[in-house]
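Dear colleague,

Please find below the structure that I am handing over to you.

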Amino acid sequence: MHILDWIVIILPLLIILTVGIITQRQMKSVAHFVSGGRVGGRYLLAVAKGEMQAGAVVFVAMWEVFAHAGFVPTWWAWISGPVGVIVAIFGFVIYRFRETRAMTLAQFFEMRYSRNFRSFTGILGFVAGAINFGIIPAIGARFMVYFLQLPPEIVIGGYSLPTYIPLMGVFLAISLTLATAGGLITLMVTDCLEGIFSQLAYLVIIIGVLCLVGWSQMSTVLGSRPEGHSMVNPFDAWQVQDFNLWYVLMGLFLATYGTMAWQNSSAYNTAGATPHEARMGGILGRWRESGKQVVVVLLAAAAITYLGHPDFAAASVEAKAGIAQIAQPQIQTQMTIPVALSHLLPIGIKGALCAVLLFGIFGGDSTHLHSWGGILAQDIILPRLKKAPTPEKHIRLLRRCIIGVAVFAFVFGALFRQTEYILMWWSVTTAVYVGGAGAAIIGGLYWKKGTTAGAWAGVISGSVLSGGGILAYKLFGDAFLSDWSRLAFGVFGFEDAIPAFTLNGMQISFFSTLVAIALYVGVSLLTCREDYPLNKMLHRDELPCDEHGKPIVPKREWSFARLVGIDGNFTRGDKWITGGLFVWSGGWFSVMLGGTAWNLLGQSGLVSWIKPWSNSTWLGFWHVTAIGLPLLITVVAGIWFTWGGIHDIRALFRKLKTYQVDDTDNGTVKDHKAY
């Protein structure tokens, strides 16, 4: 690291920390701390929430996928484009949830089902979330160790200690300071500023990488995989395991089903000034993601080329030696691209990337700490108190819970040994909670016949099956991973009788979810005695009834806008933003369908004049679609979201000056109403 690299990192960090200290003065109530006072604008929400997905652990997880499968998952992922956009436009789940005025998901569960169900789901969600989050600080710190070329171990008092452990402690301390200072008000502002800086730094990184490694060099390496394992041709990659078509389809189903169920950013779900602002924040966030995607792809492709192309054979010797010294196979896989980039990137570009990922670490870790600490306080401890605490004691409780989550994450990250892909670990640990909770959320918001018994059946079955999958995954993966489990079962003569456990994390999640949905629907139908008054819970006026007592539903003319969820809350600008995103996603979906039909017909030989695309055609296609077009969007989005983010930050402070503090707005529930 050159002095210029450190300047690129330290100056923005000092600005952000200073702003964080200033915003602490604006926090005056529990609603401020937990939900940011519910005054967040769309750009503030989009940029700040998006910063959760810009940390080192997210980049490493995506690099793992690219190094394994290349562009193939991107092709199949276009299936999910229109679905994701429609979900965002409709404000699926999040719009109705915002209407309930609940601060947390578990608070909604008490309103819709029962206090006992709230307590159980609060504990279950917290445990699953804490374990899921536990690997994130460790991976982020480990990334920095290898990227900054620090020694893997340090000696303290004659004892050797992995360097990532104290570094993880430093990063958690900074994230903890941000999370406990002013709650979500501080996080929204600091994360938004971090996101604005990252958006501008993406352009610098892209230009720098393209000057270092040419596309022709990348094409040589990426297009040289053996038959059946192509990184560029989806129809020559059928032997690629894990990250394939079935992974994408199952992921699409689980992502839609689990909309807003996973609570790692739960506070942002309630921070919108209105339900429509929350919905527009989700829509805008999809435009902003293009910048990150092109950076991930370029950096991964450049690193793989640096390690595999003859032009870099001499320059990459030191990087290859560093990778070979990493003893644990899974850690070596995770850190291959970071080590290569550490030796490849020049002065300034290296600092820009380090700053982006460092800010992502602070943004992601602080939001996780705030969310899981808030759930511990709001949904586990608070409902068990005989007397409601004063606002001061309530905020003190929230801060202590956040500190507790940070301590757990530090211990878990120091002790846990990871043996699987990051995305697979996230999938299976998420399903412990989401597998059953998704049915309770969707059914609770949209289905009048959903019952408490059905919710219990769905959540318990989802958690048991997913938790059992984790246990089986650890004990029996790859035909008995651990020696002690082999010996234990061998005592009873079962060692050869038990087959290898071959399901991955995504498959465990998918099948657990299907069982949970079936049980929620079945048990609800068996136990429903009367319809639940959804309109009352959503604070909507009940529909007028005719002389027979049946609701009179007003007739609405069919329109495309109505079909995709555009309603009267959308301004002309909102419609352009939303329509553009829908056309963009639908266009790539059409490209995927047309390209799939063409290549399958070409391979079958049924139509003589149709030939499957060659490797060079695929490489040219990805050059345009994965780099060229996203680069253009990155330039536009950098200007667009910088203006929007700054505008919403200023609007936030104006609203906070006239904010009327309501101490009853603290996440409690009385008579199935949120207070």
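In which loop does glycine 91 lie? Glycine 91 is found in the loop between α6 (81–90) and α7 (94–100). Helices (H or I, at least four residues) and strands (E, at least two) are DSSP runs, numbered from the N terminus.

Before going further, please note that this is a predicted model, in which local features need pLDDT of at least 70 and side-chain atom pairs count only at pLDDT 80 or more, while totals for chains, interfaces and linings use all residues. Residues are numbered from 1 along each chain as its sequence is written, and side-chain values use heavy atoms, with hydrogens and water left out.

**The chain as a whole**

The protein chain has 28 helices and four strands. Of its 675 residues, 57% are buried. Here, buried means under 20% relative accessible area, exposed means over 50%, and partly exposed lies in between (1.4 Å probe, protein chains only). Among contacts between residues at least 6 apart in sequence, 85% join residues at least 24 apart; a contact means heavy atoms within 4.5 Å.

**Glycine 91 and its surroundings**

Glycine 91 is buried, because its relative accessible area is 1%. Apart from its neighbours within four places in sequence, glycine 91 is in contact with Arg96, Arg279 and Tyr446. Glycine 91 and methionine 280 are 189 residues apart in sequence, yet their C-alpha atoms are 8.4 Å apart in space.

**Aromatic pairs**

The whole structure contains 44 aromatic pairs. Rings of Phe, Tyr and Trp (its six-membered ring) pair if their centres lie within 6.5 Å; planes under 30 degrees apart count as stacked, over 60 as edge-to-face and the rest as tilted. One of these pairs is formed by phenylalanine 97 and phenylalanine 108, whose ring centres are 6.3 Å apart and whose planes stand at 80°, so the pair is edge-to-face. Phenylalanine 97 belongs to helix α7 and phenylalanine 108 to helix α8 (residues 105–112), eleven residues apart. Phenylalanine 97 is buried at 2% relative accessible area, and phenylalanine 108 is buried at 0%.

Why does the pair of phenylalanine 143 and phenylalanine 147 count as stacked? The ring centres of phenylalanine 143 and phenylalanine 147 are 5.3 Å apart and their planes are at 15°, so the pair is stacked. Both residues lie in helix α10 (residues 136–147), and because they are four residues apart, about one helical turn separates them. Phenylalanine 143 is buried, with 0% relative accessibility, and phenylalanine 147 is likewise buried at 0%.

**Charges over rings**

Phenylalanine 147 also has a charge over its ring: the charged end of lysine 350 sits 5.6 Å from the ring centre. Arginine 112 lies over the face of tyrosine 532, at 4.0 Å from the ring centre. A charge sits over a ring if NZ of Lys or CZ of Arg is within 6 Å of the ring centre and within 35 degrees of the ring normal.

**A loop and a hairpin**

Glutamine 149 lies in the loop between α10 and β1. Glutamine 149 is partly exposed, with a relative accessible area of 41%, and its phi is near 60°, a positive value in a residue other than glycine. Most residues other than glycine have a negative phi.

Strand β1 (residues 153–156) and strand β2 (residues 159–162) run antiparallel and are joined by four bridges; two strands pair if DSSP finds at least two bridges between them. Valine 155 stands opposite serine 160 in β2. The two strands form a hairpin with two residues between them, and glycine 157 in the turn has a positive phi of about 60°.

Threonine 305 is located in helix α16 (residues 275–308) and is buried at 0% relative accessible area. Leaving aside neighbours within four places in sequence, threonine 305 is in contact with Val213, Gln217, Met218, Val221 and Phe312.

Threonine 578 is in helix α27 (residues 572–604) and counts as buried at 1% relative accessibility. The side chain of threonine 578 reaches the backbone oxygen of aspartate 574 at 2.8 Å.

How many disulfides are there? The count is zero, where a disulfide is a pair of cysteine sulfur atoms within 2.5 Å. Cysteine 401 is buried at 5% relative accessible area, and cysteine 528 is buried at 18%.

With kind regards

Key:
Polar contact = N/O pair within 3.5 Å; in protein donor to acceptor, adjacent residues only side chain to side chain.
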